[in-house]
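Reader: Could you take me through this model, starting from the overall chain and ending on a single residue?

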Amino acid sequence: MTSPIVQTDAAGVPRFLSFAAPESDAGLRSQAPQTVAHNFLQQRGDLLALAPATLKALDQPLADLPESELAGLRVSGDKRLMDSITVAYAQTYFGLPVIGAGVAVTLRDEPLGVMAATSTVRHDISVARPSDADIKRALVLVQRQAGAQLAAAEVGLSDAQDGATTTGNSDMRINAARLVVFRFEAAKRQGDGHPDEPGHGQEAPLPSIALPALPDGITDGSHHVAIELYFTLTTPPW
């Protein structure tokens, strides 16, 4: 394969590469897109500063529970758009997806060949393994069926600032939950909105729920195994 154009971030870490003329041969045409992407990362992952140890489980599914593997990459799916195919990989730790981090390999569909690759991998990531007791408590939420009722107190939330009561609210229901690795960023903790600001052309302020105090040991930029929980809560007038 020809030499790519490589772009780096402010710290000099390669983040994007592209090929002016992707190579294609009969061997590539007979392979599935994910296989081509896997092989590219295993053979040319150094172009994105990917350590060989992180490329051993590319074809493995994301884990539901923490595994023994530390930092890695696992395929999360592929998407076709016109004449290209993008194979996406989640960065993982303990086999769990690291939110907001991964690699995407873009292939030309016909003839099949690698066009570009993008990396948002966080290098030198370190995560403390949760205890068996912590995992057991997390599974109580993670294994709940979609649509099941959820009490705000179960996830440490209090009443909504717009006056709605979340405690015992029968309209608060789980949509989905899973274990992930999450990087805490203090500046983003309250989200993009503010309870006193109208949103998206609405006269009413955005709904907001007060967040609990942070436990000791959680510092800005640190990574933790966490529960990613999506829920629906009906609060007037939303």
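Predicted model: local features only at pLDDT ≥ 70, side-chain atom pairs only at ≥ 80, totals over all residues.

Reader: In what order do the helices and strands of the protein chain run from the N terminus on?

Author: The protein chain has three helices and eight strands, and of its 238 residues 35% count as buried. Read from the N terminus on, the elements follow the order β-β-α-α-β-β-β-β-α-β-β.

Reader: Which residue in the hairpin of S1 and S2 takes a positive phi?

Author: Strand S1, residues 5-8, pairs with strand S2, residues 14-18, in the antiparallel sense over four bridges, and within this pairing Ile-5 has Ser-18 as its bridge partner. Five residues lie between the two strands of the hairpin, and the one with a positive phi, near 85°, is Gly-12.

Reader: Which residue of S6 is the bridge partner of Leu-17?

Author: Strand S2 is also joined to strand S6, residues 113-119, by three bridges, and these two strands run antiparallel. In S6, the bridge partner of Leu-17 is Ala-117.

Reader: Is Val-155 buried, partly exposed or exposed?

Author: Val-155 sits in the loop between helix H3 (132-142) and strand S7 (173-183), and, leaving aside neighbours within four places in sequence, it is in contact with Leu-141 and Leu-229. Its relative accessible area is 27%. Buried means under 20% and exposed means over 50%, so Val-155 counts as partly exposed.

Conventions: Residues numbered from 1 in each chain as written. Heavy atoms only, no water. Pairing = 2+ DSSP bridges. Buried < 20%, exposed > 50% of the residue type's maximum accessible area, 1.4 Å probe, protein only. Contact = heavy atoms within 4.5 Å.
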